[in-house]
Amino acid sequence: MTNRLPVSADDPASPFVLDFVAALKQQGIEPSVFTSKIGEPDGSLDFPVHRFAWGEDKRTLSELPLYRIASWEKIRNYFKCGKQALIEHVRSNQYDHILALWALPSGWFAQQAHLATGIPYSIWSLGSDINVWASRPYAGRKIREALAGATALFADGDNLAEKVEKISGRECRFLPSMRTFDFETLRLRREKFFLYLGRIEKSKGVFDLLKAFSRIKQDIWDYRLLYIGDGSALPKLRKQVANLRLRGKVHLLGRVPVEEIVDYLQRARALVIPTHSDSIPLVFGEALQTRTPMIVTEVGDLGTLVRDNKLGIVVPKKSIHSLTDAMVRMIVHEHDISTEARKLVNRFSPERAATTFLEVVNAAVK
């Protein structure tokens with residue numbers, strides 16, 4: 001169960017889910033996905049998908065503005081509809097296990113279904129559920145209850161797994177989340193641009209990156225900065241680009257097809273991940289596949305992974321000066337991470353994740 005499932009191959013909403021489901025199928029499992037009804041599927045999915053309606057079909061819970069009373073009514077309705085729909089669904093189908101992606105809301109739904117039907121469940125924590133909501137009084141209580149009743153606990157980062165263990169008092173295993181590129185990756189010449197890939201949100205450090213880029217000295221001013229992605233902060237980011245007189249140097253490309261993402265990654269001087277709080281963002285695994293050097297902030301497991309495996313440069317989060325310095329260093333000295341990245345790709349593969357999940361769950365139910 002997941003709160004969001006991609007409706008097409010180019011939908012950036014949790015695309016790793018499709019690869020994980022495919023990996024389960026390769027191991028003889030018959031998976032289906034239960035999720036909220038958001039967007040219109042293009043018919044490309046080759047597994048059963050069951051969607052529940054909750055009064056909103058274009059935005060996820062995280063996209064609802066919490067300062068509006070109407071949003072809280074929609075959130076309440078989401079939990080009510082999701083719980084009821086999941087219980088009815090598992091009662092009418094013969095499932096061996098439920099895997100909830102994110103401890104909240106999916107983990108709580110799975111716990112409620114378990115209490116009503118006895119079907120066991122596990123939880124795969126993926127960042128925001130633990131890093132943000134676990135510290136909130138009401139949400140934190142629901143998360144702890146869900147973690148306590150699960151057969152097994154997983155997290156997509158070692159640092160995140162430690163946080164889950166601290167909250168739950170139970171073992172939590174590393175389970176990687178990665179979207180696999182099906183396109184051929186080539187050894188292209190690195191060009192004069194930096195790349196940001198992800199949601200356009202303040203918490204992702206998009207404004208830090210813009211300010212840092214604006215400080216690069218004029219004598220190396222032939223570099224560009226490209227943003228790929230969409231989000232609530234896009235209008236403000238566009239305005240700041242104009243205010244800093246960076247039109248022509250900074251390009252906001254919005255969403256682009258996966259094939260183009262691969263191309264940009266293969267040509268970028270470096271991928272910049274300036275996030276304020278993440279575990280291991282999906283773009284990390286994508287950069288590994290395209291052997292793209294990285295500039296990342298010291299959050300979650302990012303800093304350790306990049307530093308220990310010589311994948312690029314690590315800077316303190318929210319440090320404009322450090323980001324500028326890192327980009328200049330990338331300009332002066334080109335980084336080749338091909339050997340190191342190749343070694344790590346297998347550890348983060350969906351096939352490895354599926355194998356780990358099945359081994360842990362099978363051992364727990366014996």
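This briefing describes a sheet, a pocket, a cavity and several salt bridges of one structure. The model is predicted.

- Strands β7 and β10 run parallel and are joined by 2 bridges.
- Phe194 stands opposite Ala270, a residue of β10.

**The second largest pocket**

- A total of 29 residues line the second largest pocket, and Ile29, Pro31, His97, Ile98 and Leu99 are those that lie nearest its centre.
- Two or more lining residues are given by each of α1 (16-26), β1 (33-36), α2 (69-91), β3 (98-101) and α14 (350-365).
- Helix α14 supplies the largest share of this lining, with 5 residues.
- By class, the lining of the second largest pocket comprises 20 nonpolar, 7 polar and 2 charged residues.

**The cavity**

- The count of cavities of 30 Å³ or more comes to 1.
- The lining of the largest cavity includes Asp156, Pro176, Ser177 and Met178.
- Ile280, Pro281, Leu282, Phe284, Gly285 and Phe348 also line the largest cavity.
- The lining of the largest cavity divides into 7 nonpolar, 2 polar and 1 charged residues.

**Salt bridge between Asp46 and Lys25**

- Side chains of opposite charge can pair when their charged atoms come close.
- Asp46 and Lys25 meet through their side chains in a salt bridge, with an N to O distance of 3.4 Å.
- Because Asp46 lies in the loop between β1 and β2 (49-52) and Lys25 in helix α1, the pair ties together parts that are 21 residues apart in sequence.
- Asp46 is exposed, at a relative accessible area of 59%, whereas Lys25 is partly exposed, at 33%.

**Salt bridge between Arg267 and Glu191**

- In the salt bridge of Arg267 with Glu191, the closest N and O atoms are 2.9 Å apart.
- Arg267 belongs to helix α9 (residues 258-267) and Glu191 to the loop between β6 (173-174) and β7 (193-197), so this pair ties together parts that are 76 residues apart in sequence.
- Arg267 counts as buried because its relative accessibility is 16%, under the 20% cut-off.
- Glu191 is partly exposed, with a relative accessible area of 30%.
- A network of salt bridges links Glu191 and Arg267 with Asp263.

**Salt bridge between Glu334 and Arg269**

- The side chains of Glu334 and Arg269 form a salt bridge at 3.6 Å, N to O.
- Glu334 is in the loop between α12 (320-332) and α13 (338-345), and Arg269 is in the loop between α9 and β10 (270-273), so the pair ties together parts that are 65 residues apart in sequence.
- Glu334 counts as exposed, at 52% relative accessibility, while Arg269 counts as buried, at 11%.

Technical notes: Residues numbered from 1 in each chain as written. Predicted model: local features only at pLDDT ≥ 70, side-chain atom pairs only at ≥ 80, totals over all residues. Heavy atoms only, no water. 1 Å grid on protein atoms, 1.4 Å probe; cavity = no way out; pocket = protein on both sides within 12 Å on 5 of 7 lines; lining within 4 Å. Helix = DSSP H or I, 4+ residues; strand = E, 2+ residues; numbered from the N terminus. Nonpolar A, V, L, I, M, F, W, Y, C, P; charged D, E, K, R; others polar. Points joined across faces, edges and corners; volume = space filled by probe spheres on them. Salt bridge = Lys/Arg side-chain N within 4 Å of Asp/Glu carboxyl O. Buried < 20%, exposed > 50% of the residue type's maximum accessible area, 1.4 Å probe, protein only. Pairing = 2+ DSSP bridges.
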